[in-house]
Amino acid sequence: MEILATIWFVLIAVLWIGYLFLDGFDLGVGMLMPIFTKDERGKRVLLNSIGPVWDGNEVWLITAAGAMFAAFPHWYASLFSALYIPLTLCLLGLIFRAVAIEYRGKGHTQRWLTFWTWAMAIGSTVVAFLIGALLVITTTGLPLNENGDMVGGPFAWLGWPALLGGLGGVGFSFVHGLMFLCLKTEGELRAKARRWALATTLPFAIPFLIWFALSIRHSAWLIVPVAIALIALIASFVALRAGAEKKAFFLHGVFLLAGMGAVFAGVFPNVLPSTLDPAFSLTIATASSSDYTLGVMLVVTAIFFPIVLGYQIFSYRQYLNRLTESHIPDAHKVPAAIRS
């Protein structure tokens, strides 16, 4: 039955939205590391604001990709083989970011700190750009032949949809990171994050707004969720101006949820359209696993997903307090005798 494939299509869309909402803000904080403050203690505030949660947020990326592999192997194979180069770069970006978070505090020379600060920023930007590009490409399509293989060479994916998605991913993450800092910091860092967020919220959302609006070409009723996304974005800006930072942060998430909901609803039942011939497009029927596989996966998900979600909510609740520079202790230097 296609009902199981439809359920898994919706679940995968939810996982990608969840990933952008959660990992988006720590990617944004990573981008801000070299430019937001010159003070070393201030940089450590930024790093500590995401320290307890960043690795848990990345689980959503692994789960989204894993769900695509298990539920829609043909979708996964066609998309990931076509995007082999950008996904390899994305993996390198994830590695650089993770290593930078762990290694930055292991040295105390200015060269060491500067190198890992920029490694984190560049890695975060690369990941945000390429994940955004991947999501727009999978909803606008690739030049696929009748076998589901991309034609036109290894860079056939590179075009305006990839650029639009990349800019959208970077813009959303940058603003989301600023809004998160408004929630997690105090004093001058909080005030600066608010000023920067007010200046960037609307213009940096333009690429994603264009992507959301493209869904209307599939069905006129999709103007409703796109309009909700636009209203949520404006409401987020208004709330931020009024000092309602938590409300602004979650309204920014509603903007993402409504807009991406419209995008995935518009492309359905396709999972990966072909720009060569609509008949070559991968659909939920032609790209999915067997009903037995989808059914078993659904049962396992129903059991374990609430547990994982509950744990993540619990972990966030443990770190609700704001951070200030006074909370950051002096850097601890390991004596040379111990290092040797």
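## Close-up views of cavities, aromatic rings and pockets

**View 1. Helix α11 gives the largest share of the lining of the largest cavity, three residues.**
What you see here is a predicted model, in which local features need pLDDT of at least 70, side-chain atom pairs count only at pLDDT 80 or more, and totals for chains, interfaces and linings use all residues. Residue numbers start from 1 along each chain as its sequence is written, and side-chain values use heavy atoms, with hydrogens and water left out. Helices (H or I, at least four residues) and strands (E, at least two) are DSSP runs, numbered from the N terminus.
On a 1 Å grid over the protein atoms alone, a cavity is a set of points where a 1.4 Å probe fits but cannot get out; a pocket is an open set with protein on both sides within 12 Å along at least five of seven lines; lining residues have an atom within 4 Å of a point. Points are joined across faces, edges and corners, and a volume is the space filled by probe spheres set on them. Counted this way, there are three cavities of 30 Å³ or more, and the largest cavity holds about 60 Å³. Its lining takes at least two residues from each of α6 (110-140), α9 and α11 (245-267). Look for Thr 139, Thr 140, Trp 211, Leu 214, Ser 215, Arg 217, His 218, Val 263, Gly 266 and Val 267 around this space. By class, four of these lining residues are nonpolar, five polar and one charged (Ala, Val, Leu, Ile, Met, Phe, Trp, Tyr, Cys and Pro count as nonpolar, Asp, Glu, Lys and Arg as charged, and the others, Gly among them, as polar).

**View 2. Ser 215 sits in the loop between α9 (206-214) and α10 (223-241).**
This serine is one of the residues lining the largest cavity. Ser 215 counts as buried because its relative accessibility is 3% (buried means under 20% relative accessible area, exposed over 50%, partly exposed in between; 1.4 Å probe, protein chains only). Its side chain reaches back to the backbone oxygen of Phe 212, at 2.6 Å. Beyond its neighbours within four places in sequence, Ser 215 is in contact (heavy atoms within 4.5 Å) with Leu 222, Val 226, Ala 262 and Val 263.

**View 3. The second largest cavity has a lining of eight nonpolar residues, with no polar and no charged ones.**
Around it you will find Leu 83, Pro 86, Leu 87, Leu 130, Ala 133, Leu 134, Ile 137 and Trp 157. Both α5 and α6 supply at least two residues each, and α6 gives the most, with four.

**View 4. Cys 90 belongs to helix α5 (residues 84-103).**
With 4% relative accessibility, Cys 90 counts as buried. Leaving out residues up to four places away in sequence, Cys 90 touches Val 126, Val 127, Leu 130 and Ile 131. Of these, Leu 130 is also among the residues lining the second largest cavity.

**View 5. The structure holds 25 aromatic pairs.**
Rings of Phe, Tyr and Trp (its six-membered ring) pair if their centres lie within 6.5 Å; planes under 30 degrees apart count as stacked, over 60 as edge-to-face and the rest as tilted. Phe 25 and Phe 180 form a stacked pair, 4.1 Å centre to centre with 15° between the planes. This pair links distant parts of the chain, with Phe 25 in helix α1 (residues 2-32) and Phe 180 in helix α7 (residues 160-184), 155 residues apart. Both Phe 25 and Phe 180 are buried. Phe 208 and Trp 211 make a tilted pair, 5.3 Å centre to centre with 50° between the planes. They lie about one helical turn from each other because they are three residues apart in helix α9. Both Phe 208 and Trp 211 are buried.

**View 6. The largest pocket holds about 870 Å³ of space.**
Of its 28 lining residues, Phe 180, Phe 249, Phe 250, Tyr 316 and Leu 320 lie nearest the centre. The elements giving two or more residues are α1, α2 (40-50), α7, α11 and α13 (291-317), and α13 gives the most, with six. The lining has 18 nonpolar, six polar and four charged residues. Phe 21, Phe 25, Phe 180, Phe 249, Phe 250 and Tyr 316 form one aromatic cluster.

**View 7. The second largest pocket holds about 510 Å³ of space.**
Here 25 residues make up the lining, and Leu 15, Val 59, Thr 63, Phe 305 and Val 308 lie nearest the centre. Helices α1, α3 (54-71) and α13 each supply at least two residues, and α13 gives the most, with twelve. By class, this lining has 18 nonpolar, seven polar and no charged residues.

How values were computed
A polar contact is a pair of N or O atoms within 3.5 Å; within protein, one must be able to donate a hydrogen and the other to accept it, and residues adjacent in sequence count only if both atoms are side-chain atoms.
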